Amino acid sequence: MKRLLILLFVLVSVHLSLMAQQNEAQIRQAITQAASTMKTMQCDFTQTKHLKMLNDKMTSKGRMYYQQTNRLRWEYTSPYSYTFILNDDKVLLKNAQRNDVIDVNKNKLFREIARIMMNSVVGTSLTDDKSFKSTIATNGSEWTASLLPQRKDLKQLFQKIILHFNRTNAMVKQVELIERNGDKTVIELNNIRTNEKISADMFTIR
Amino acid sequence: MQLFAQSTFLETEGGRIRYAASIEMPKAYLSGICVLLREGNVVRGSLFNEFGVTALDFTYHPENQKVKLHHVISMMDKWYIRRVLRKDLAQLMLRLQQGETTYHNERRHITYQLKVMDNG
């Protein structure tokens, strides 16, 4: 009898594990599908930086534009004015004082930040197995993907990245970037519009 | 003791002030936000870029005008960079006490600038 119960327990555990794997595979497929069909995306964002050492937080707001596959405009409007434009291998950083154009291949920090920002909001970080080890969980109306950096340069920047997906459209609605010192940045995406034409001027680097 | 002449913000326990920060070097330019918080006789500071990635966490002790670095982003975490940062940040804090917002390291040609932001 005891052996039968153990066998039953093992069978149920294996069955549940297989179901979870199958479910996770389906979620990954839905997210990949949504990302691949997303030619453009634009939205408002609210970024909250949590400072562990100061027990403080700071909120900034702005607007984001993305165009497949390698164009991103990330524009802060409040409380500071700062624009980051990624266009293939070039980045334009623009603040009230100056404009700087950077070759991402020559600047490790900006290469990683550009990749993380773009791949996180689109959701493709989830399928980047070389960069992240990921697990997915279902929480009510959302899927939560926890990404653990695998590459050294990413590990230097972040302890963990958490992506929150809307289950109804398999799109990212919130990104949490957790740093090595315990600081955390939460980016919420609002008023998301996809596959609408975006003027090429938005990504122009001069 | 009056800590910061330019603002009464940090003269009281728990006072906090935010600055738009920039560091200009001969071959690089960094910008971001610097938050300073008064806690007892110590000023705690954090410097992060516009995306929220923290470059530095430090404390400043006005009595002996020393800076202690608690966290430096890995890409800058080298002993010789830490040494320059410790000394330069101490000088910058000292300038703030005197009501100035810029410090220029003549030897290494680095300019640190802080501009008070609207505190929200």
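Colleague: How many residues does the contact take from chain B and from chain A?

Modeller: Please bear in mind that this is a predicted model. Strands E1, E2, E3, E4 and E5 of chain B each give two or more residues to the side that touches chain A. Counting both sides, the contact takes 24 residues from chain A and 24 residues from chain B.

Colleague: Which element gives the largest share of the side of chain B that touches chain A?

Modeller: By class, this side of chain B has 10 nonpolar, eight polar and six charged residues. Among the strands that give two or more residues is E2(B), at residues 28-39. The largest share is five residues, and the element that gives them is E2(B).

Colleague: Which strands are the edge strands of the open sheet in chain B?

Modeller: The sheet has seven strands in the order E5-E4-E3-E2-E1-E7-E6, with antiparallel pairing. Its neighbouring strands are turned by 20° against each other on average, direction ignored. An edge strand pairs on one side only, and in chain B the edge strands are E5 and E6.

Colleague: What is the bridge partner of B:His61 in E5(B)?

Modeller: E4(B) and E5(B) pair in the antiparallel sense, over six bridges. E4(B) covers residues 54-61 and E5(B) covers residues 66-72. Within E5(B), the bridge partner of B:His61 is B:Lys66.

Colleague: With which residues is B:Gln65 in contact, leaving aside its neighbours within four places in sequence?

Modeller: B:Tyr19 lies 46 residues from B:Gln65 in sequence, and their C-alpha atoms are 20 Å apart in space. Two residues are in contact if their C-beta atoms lie within 7 Å. With the sequence neighbours left aside, B:Gln65 is in contact with B:Ala90 and B:Leu94.

Colleague: At about what angle does helix H1 of chain B run to E5(B)?

Modeller: H1(B) has 19 residues and reaches 27 Å from its first C-alpha to its last, close to the 27 Å expected at 1.5 Å a residue. This helix lies across E3, E4, E5, E6 and E7 of chain B. To E5(B), H1(B) runs at about 125°.

Colleague: Why are the buried residues of H1(B) on the same side of the helix, and what arc do they cover?

Modeller: The buried residues of H1(B) are B:Leu85, B:Leu89, B:Ala90, B:Leu92, B:Met93 and B:Leu96. What covers them includes E3, E4, E5, E6 and E7 of chain B. On the other side of H1(B), B:Tyr80 and B:Arg83 are exposed.

Colleague: Which residue with a positive phi follows H1(B)?

Modeller: H1(B) spans residues 79-97 of chain B. The residue that follows this helix has a phi near 90°, and it is B:Gly99.

Colleague: Turning to chain A, what percentage of its residues count as buried?

Modeller: The secondary structure of chain A comes to three helices and 11 strands. Its C-alpha atoms fill a box of roughly 80 × 40 × 30 Å along the principal axes. A residue is buried if 20 or more other C-beta atoms lie within 10 Å of its own. Of the 206 residues of chain A, the share that count as buried is 32%.

Notes: Residues numbered from 1 in each chain as written. Chains lettered and ligands numbered in written order. Predicted model: local features only at pLDDT ≥ 70, side-chain atom pairs only at ≥ 80, totals over all residues. Helix = DSSP H or I, 4+ residues; strand = E, 2+ residues; numbered from the N terminus. Nonpolar A, V, L, I, M, F, W, Y, C, P; charged D, E, K, R; others polar. Pairing = 2+ DSSP bridges. Axes fitted to C-alpha atoms, helices over the stretch in contact; angles between N-to-C directions. Expected span 1.5 Å × (residues − 1). Buried ≥ 20, exposed ≤ 12 C-beta atoms within 10 Å, placed from the backbone.
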